[in-house]
Amino acid sequence: ELALSSYVDLDDENARKRNSWKMLVSFVVLTVIYALWPLVSHLSRLWYIKDLLIIVLTLVLASLLLHLCRTTKVLQTRMQSGKAQKIWSWILLIVGVPYIISILLAPIMQITHMAINKIISMFVIALMAGVIEELLFRGLLFNSLLSFFYHNKNRFLIAGLISSILFGCMHLINLTHQPLQSTVGQVIFAFTTGIILIYLRLLSNNIVWCMVLHFFIDFKPVILTSNTGSHNISLVKVFLAVLPLMILAIICLWLFNRHYVQTNK
């Protein structure tokens, strides 16, 4: 059973549709509010005031999202992986190891020469992104889509792909302050990351590990700059670099969905 069934009668069509639309509209409104957070930087020239305002914004949005999500669990009880799913999950992990190492080591090597106030600001912004974006896309949006497609046997695959596509498209807002090439590269990377994070939420039946991984992905000096995309790297190279992870993550997501259907026949 979906964890949402503890909060709304998913078999009641009217109740399910009302719940789905309420969550979806809430997602749109809170995403717009979150997208406006850079305006906070113009409220003060003092870095510690800016960071404090970001922390307050994070706490307020996180509280609202936790309430509107209803639950951060996916299923009532965590589902054990099938044999095929375990094999492909290990392949995904092995292929992803170089990416994980680069994510963890790059910031350590770069922050050694940074001022303490820059490190604190980097930490605060990465924390906000990790918490709020996960609650928005892997939480509220994903839950609303699961509710919408409750009677579709491919609900996890459909909800995962749609939420990941929208997560990638959200980064198009960066066109306001960075080149098209950087933004498109960022959209491709975000889409791939979104699928992996959805699968991580399904595997763990929680959203905490998604927040942790998202935080480390964003915890790097480039998050403080106006160009947070792929800079001068060609889009072909960006696409080819993430393509193996993209394909493997989609396969794992499909296998989870298939195993769920077979288990609940």
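Analyst: What follows is a run of questions about labels, each set against its definition. This is a predicted model, where local features need pLDDT of at least 70 and side-chain atom pairs count only at pLDDT 80 or more, while totals for chains, interfaces and linings use all residues. Residues are numbered from 1 along each chain as its sequence is written, and side-chain values use heavy atoms, with hydrogens and water left out.

User: What kink lies in H3, and where?

Analyst: There's one of about 45° at Gly96, shortly before Pro98. The bend is the angle between axes fitted to the seven residues ending at a position and the seven starting there.

User: Which residues of H3 are buried, and what covers them?

Analyst: Buried means under 20% relative accessible area, exposed means over 50%, and partly exposed is in between (1.4 Å probe, protein chains only). In H3 the buried ones are Gln85, Ser89, Leu92, Gly96, Ile103 and Pro107. Their cover includes helices H6 (180-204), H7 (208-218) and H8 (235-263).

User: Why is Tyr99 called partly exposed?

Analyst: Tyr99, which sits in H3, has 26% relative accessibility, so it counts as partly exposed. Contact means heavy atoms within 4.5 Å, and leaving aside neighbours within four places in sequence, Tyr99 is in contact with Ala241, Val242 and Leu245.

User: What makes Arg70 worth a look?

Analyst: Phi of Arg70 is near 75°, a positive value in a residue other than glycine. Arg70 follows H2, in the loop between H2 and H3. At 27% relative accessibility, Arg70 counts as partly exposed.

User: And what is the phi of Asn205, and is Asn205 buried or exposed?

Analyst: Asn205 has a positive phi of about 60° although it is not a glycine. Asn205 lies in the loop between H6 and H7, and its 7% relative accessibility counts as buried.

User: What makes a set of residues a nonpolar core, and which members of the largest one touch the most others?

Analyst: A nonpolar core is a set of buried Ala, Val, Leu, Ile, Met, Phe, Trp, Tyr and Cys residues joined through side-chain atoms within 4.5 Å. The largest has 69 residues, of which Tyr34, Leu75, Ile132, Leu136, Phe156 and Leu202 touch the most other members. H1, H2, H4, H5 (155-170), H6, H7 and H8 each give two or more residues to this core, and H4 gives the most, with 17. Beyond residues up to four places away in sequence, Leu136 touches Phe27, Leu30, Thr31, Tyr34, Leu65 and Leu141.

User: Why is the Arg16 and Glu13 pair called a salt bridge?

Analyst: The label needs a side-chain nitrogen of Lys or Arg within 4 Å of a carboxyl oxygen of Asp or Glu. The closest N and O atoms of Arg16 and Glu13 are 2.7 Å apart, so the pair qualifies. Both lie in H1, 3 residues apart, about one turn of the helix. Arg16 counts as buried at 6% relative accessibility, whereas Glu13, at 32%, is partly exposed.

User: How many salt bridges does the structure hold?

Analyst: It holds 2. Glu134 and Arg138 also meet in one, at 2.6 Å from N to O. Both lie in H4, 4 residues apart, and both are buried.
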